[in-house]
Amino acid sequence: MEQTFVMVKPDGVSRGLVGAVVSRFENKGLKLAAVKLMTIPQELAERHYGEHREKKFFGELVEFITSGPVFAMVWEGPQAVKNARSIIGATNPAEAVPGSIRGDYALIVDSNIVHGSDSPESAQREIGLFFG
Ligand code: DAT
Ligand code: MG
């Protein structure tokens with residue numbers, strides 16, 4: 001069974017959206033396999049977002065993701081990675097369709113509520129980083 005890594009980012013936790021996010025994955029039929037409330041250390045943030053190291057927004061991204069507690073989760077089920085990305089919606093909330101988490105709860109790309117792995121390989125890497 002495939003697993004994926006999902007986390008409610010600091011904006012989602014501070015806005016009280018953990019329950020709403022969890023409900024959407026449960027309603028879809030995915031199974032919760034692990035969960036952890038934590039504040040991400042700088043070094044873990046830089047490794048998690050390592051693929052974006054050269055982007056101009058990298059500094060702000062790391063600052064944002066370490067700014068408060070996140071709610072980290074592992075979800076499992078058939079095509080868990082693709083199904084989770086579909087529930088989450090497009091990276092830019094302005095392009096995310098209504099019904100998706102980002103489409104319903106977010107306005108701008110800097111604070112888009114939730115993270116989801118983009119491939120099974122990324123999922124294994126990220127699960128290892130957060131739950132290994
Ligand atoms: P996703 O989170 O949908 O996988 P990504 O991996 O391309 O998107 O980017 C990671 C996060 O970085 C994204 O959720 C929000 C932030 N981000 C992406 N593009 C950005 C941009 N152009 N300006 C500011 N932040 C951005
Ligand atoms: Mg990504």
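1. Confidence. The structure discussed here is a predicted model, and its protein chain averages a pLDDT of 98, with 100% of the residues scoring at least 70. The model also carries an ipTM of 0.98 and a pTM of 0.98.

2. His115, placement and annotation. UniProt, in an unreviewed entry, lists His115 under "active site", and in the model this residue is part of strand E4. His115 has a relative accessibility of 10% and therefore counts as buried, since the cut-off for that class is under 20%.

3. His115, surroundings. Leaving out residues up to four places away in sequence, His115 touches Phe5, Val6, Met7 and Lys9, together with His48, Tyr49, Ile88, Arg102 and Glu126.

4. Ser117, placement. Ser117 sits in the loop that runs between strand E4 (114-116) and helix H7 (120-131). Its relative accessible area is 0%, so Ser117 is buried.

5. Ser117, surroundings. A polar contact joins the side chain of Ser117 to the side chain of Glu126, at 2.7 Å. When neighbours within four places in sequence are set aside, Ser117 is in contact with Thr4, Phe5, Val81, Arg85, Ser122, Ala123 and Glu126.

6. Reading the two residues together. Phe5 and Glu126 are among the residues that His115 touches, and Phe5 and Glu126 are also among the contacts of Ser117. For a reader who begins from the UniProt annotation of His115, the side-chain polar contact between Ser117 and Glu126 is a further detail to look at in the model.

Methods. Residues are numbered from 1 along each chain as its sequence is written. Chains are lettered from A and ligands numbered from 1 in the order in which they are written. This is a predicted model: local features need pLDDT of at least 70, side-chain atom pairs count only at pLDDT 80 or more; totals for chains, interfaces and linings use all residues. Side-chain values use heavy atoms; hydrogens and water are left out. pLDDT is the predictor's confidence in each residue, from 0 to 100. Helices (H or I, at least four residues) and strands (E, at least two) are DSSP runs, numbered from the N terminus. Buried means under 20% relative accessible area, exposed over 50%, partly exposed in between (1.4 Å probe, protein chains only). A polar contact is a pair of N or O atoms within 3.5 Å; within protein, one must be able to donate a hydrogen and the other to accept it, and residues adjacent in sequence count only if both atoms are side-chain atoms. Contact means heavy atoms within 4.5 Å. UniProt positions are given in the numbering used here, feature names are shortened, and annotations may be inferred rather than shown by experiment.
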